[in-house]
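Thanks for sending this one over. Here are my notes, as numbered points to read beside the model.

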Amino acid sequence: MNTVVMKRLGLRGKLLLAQLAVLFVACLVIAAVAIAVAAPLFHNHLMMAGIEDSNVRTHTEEAFAQTMTIALLCGIAVALVGAGIAAVYIVRRVTAPITMLAEAAQSVADGNFDVTIGRSDVDADFTRLETAFADMAARLDHSDRVRKRLLADLAHELRTPVSTLAAYVDGIEDGVVPTDPSSWSVMRDQLERLRRLSCDLADVSAADEHALELDRRTENLDDVVCSATAAAGPRFADRGVELTTALPPQPITAEVDRQRIEQILANLLENALRHTPTGGSVKVTLVREGDHLTVSVTDTGDGIPADQLESVFDRFHRGDRSDGSGLGLTIARSLALAHGGNLTARRNEQPLGSTLVLTVPMGLRQLP
Ligand SMILES: Nc1ncnc2c1ncn2[C@@H]1O[C@H](COP(=O)(O)OP(=O)(O)O)[C@@H](O)[C@H]1O
Ligand SMILES: [Mg+2]
């Protein structure tokens with residue numbers, strides 16, 4: 001058949017045509033075999049019945065041939081109608097989900113990932129295909145949303161420091177803003193904010209690609225906690241917030257990347273300090289729990305709201321008091337996960353405050 005006509009027919013038309021062709025051939029074969037076999041057989045029976053008169057025999061044979069032709073035609077007609085209805089039903093049932101999947105695939109190819117895939121239950125393999133396609137579309141949709149949100153958040157994050165710097169440079173050029181230490185300090189702060197943002201973004205994207213590089217060695221965790229608290233000590237003293245540590249009697253060693261654990265603790269301490277008022281306290285506790293070690297940072301600050309205990313780990317999630325990028329806890333959790341551990345948040349009521357709990361396995365743990 002002409003290829004243009006075949007293309008126009010579509011899958012449904014082609015399947016239907018194929019079924020009808022098979023049916024037609026089957027009817028032809030049945031008719032041909034019936035005619036070839038029935039006439040000689042009937043003739044034999046007439047001879048065996050002893051009908052000698054050739055006129056009677058011819059008339060009887062003609063009557064038989066006519067009756068058989070009518071019966072065959074009726075049978076073929078009924079078979080064609082019945083089988084045709086069944087073929088249409090089967091073809092529709094098989095092609096409907098394929099058409100739906102093709103439309104969904106086209107929609108995904110056009111960049112619209114929000115597609116709904118129904119379950120046709122035609123066949124187990126086909127159901128697997130539908131499920132896999134629906135999962136793929138959902139993942140693409142999620143990545144697309146995250147990418148869009150990330151770009152929007154990033155643009156928002158860049159806007160403030162860049163416009164502040166632009167305003168200061170213009171002001172200095174026009175002589176409206178004095179070139180005194182306070183102007184340089186504002187500009188330096190904005191540049192520092194941009195620098196921190198670019199470092200944080202590099203870590204976040206490395207975490208997204210599961211490409212956070214860890215240099216794990218056997219470390220004494222008491223030392224790691226002490227250097228993190230020692231580094232933060234002066235800022236706590238400046239703000240009048242007490243910083244204490246509770247270490248186990250025996251030193252604990254674990255296979256960790258020292259700098260990364262210090263990075264996590266520095267972030268937790270910075271957050272705790274920011275949210276704890278003067279006169280408050282922050283306590284860092286290190287304990288061993290089975291094959292894990294746990295470092296908790298507990299503050300007597302305003303406490304993370306109960307409905308934000310998970311979302312504080314989202315990218316760019318920032319509270320009112322924050323002047324950071326909102327990426328600190330995202331990176332800290334990614335680093336904890338890369339170690340095979342975790343980082344979780346808890347709200348305390350008595351006394352009010354938050355506890356951030358970092359768990360890390362003591363030995364090397366294979367990541368999933
Ligand atoms: N100890 C804490 N007490 C109260 N809120 C906190 C604490 N730690 C984190 N948060 C909340 O979680 C948000 C996200 O923290 P983080 O990811 O480190 O970003 P950033 O510090 O840049 O704001 C903070 O803006 C703050 O609202
Ligand atoms: Mg932070």
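1. The biggest contributor to the nonpolar patch is α2, which gives 4 residues. Both α1 (3-48) and α2 (54-109) supply at least two each. Helices here are DSSP runs (H or I, at least four residues), numbered from the N terminus.

2. The patch covers about 560 Å² and is made by Leu-11, Leu-15, Tyr-89, Ile-90, Val-94, Ile-98 and Val-122. Its residues have over 30% relative accessible area and no salt bridge, with nonpolar side chains joined within 5 Å; a salt bridge is a Lys or Arg side-chain nitrogen within 4 Å of an Asp or Glu carboxyl oxygen.

3. Do look at Val-122, in the loop between α2 and α3 (124-174). Val-122 counts as partly exposed because its relative accessibility is 33% (buried is under 20%, exposed over 50%, with a 1.4 Å probe and protein chains only).

4. A cavity is a set of points on a 1 Å grid where a 1.4 Å probe fits but cannot get out, and lining residues have an atom within 4 Å of a point.

5. Lining the largest cavity are Glu-157, Pro-161, Arg-193, Arg-196, Leu-197, Gly-324 and Ser-325: 2 nonpolar, 2 polar and 3 charged. Here α4 (181-208) gives the most, with 3 residues.

6. Please remember that this is a predicted model, where local features need pLDDT of at least 70, side-chain atom pairs count only at pLDDT 80 or more, and totals for chains, interfaces and linings use all residues. Residues are numbered from 1 along each chain as its sequence is written, and side-chain values use heavy atoms, leaving out hydrogens and water.

Terms used: Chains lettered and ligands numbered in written order. Patch = residues over 30% accessible without salt bridge, like charges linked within 9 Å, V, L, I, M, F, W, Y side chains within 5 Å. Areas by Shrake-Rupley, 256 points an atom, 1.4 Å probe, with all protein chains shown as cover. 1 Å grid on protein atoms, 1.4 Å probe; cavity = no way out; pocket = protein on both sides within 12 Å on 5 of 7 lines; lining within 4 Å. Nonpolar A, V, L, I, M, F, W, Y, C, P; charged D, E, K, R; others polar.
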